[in-house]
Amino acid sequence: MNIRENDFGEMRRKMVIDQLSGRDIKDKLILDIFGKVPRHKFTDPKFYKDAYSDFPLPIENEQTISQPYIVALMAQLLDIKKSDRILEIGTGSGYQAAILAELANQVFSVERLKNLTEKARAVLEEMGYKNITLNTGDGTMGWEEFAPFDKIVVSASAEFMPDPLMKQLKSPGKLVMPVGPRVSQKLLVIEKTAEGEVLEKEICGCVFVPLIGKYGWEGNNAGKDI
């Protein structure tokens, strides 16, 4: 299917209207960014016709790039400021990293699978992003070298909140992550106050693939919904 760049622009516009502002995504800056960032560049060309549809798309290693609404919801929940330094767990395709980079000062992203890290790096560099730093490693360990972080977003689920991530979150700071058993989870916003108090808010039910690592689930074949 031969799709022109103008067609992609119209597809993004429709995505923003129908899937985001038509639901509960009200942050104008986030809506503008979703209308700008070319999601199709993070997918295989054979999926271009569905690049702005309201469902996940396959990428390598049986992984997926999440539906736009979930990426937008998590970004909105983080309440990102332009000065923020953000830790992303689960680089995957790199699409969410691009969205975060438009909103924040710096993005540090950890991916378990090296080939996904390198592919995401190539796409993000081609698109000109200078404020994204990628690493291959155990995301449940966070990235202590660059901690603490103003905001943390985790795009795979664990039964419990990984302790290293909480330790690497600033006070005040926010963390968004799906938590619960493998079959279904709750999307949580965890806020650390300036006094160090931890507040937890349940947003909605969800189903993410497992977060693999020392402080997550065991296994070598689970994907990341990102």
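**View A. The contact between Gln96 and Glu88.** The side chains of Gln96 and Glu88 make a polar contact at 3.0 Å, a term that stands for a pair of N or O atoms within 3.5 Å in which, within protein, one must be able to donate a hydrogen and the other to accept it, while residues adjacent in sequence count only if both atoms are side-chain atoms. Gln96 belongs to helix H4, residues 95-103, helices being DSSP runs (H or I) of at least four residues and strands (E) of at least two, numbered from the N terminus. With a relative accessible area of 3%, Gln96 is buried (under 20%; exposed is over 50% and partly exposed in between, with a 1.4 Å probe and protein chains only). The model is predicted, so that local features need pLDDT of at least 70 and side-chain atom pairs pLDDT 80 or more, whereas totals for chains, interfaces and linings use all residues. Residues are numbered from 1 along each chain as its sequence is written, and side-chain values use heavy atoms, with hydrogens and water left out.

**View B. The aromatic pair of Phe42 and Tyr95.** Among the 8 aromatic pairs of the structure (ring centres of Phe, Tyr or the six-membered ring of Trp within 6.5 Å; planes under 30 degrees apart are stacked, over 60 edge-to-face and the rest tilted), Phe42 and Tyr95 are edge-to-face, 5.7 Å centre to centre with 65° between the planes. This pair links distant parts of the chain, 53 residues apart, with Phe42 in the loop between helix H2 (28-34) and strand E1 (57-58) and Tyr95 in helix H4. Phe42 is buried at 6% relative accessibility, and Tyr95 is buried at 1%.

**View C. The ring cluster.** Phe108, Trp143, Phe146 and Phe149 are linked into a cluster by ring pairs.
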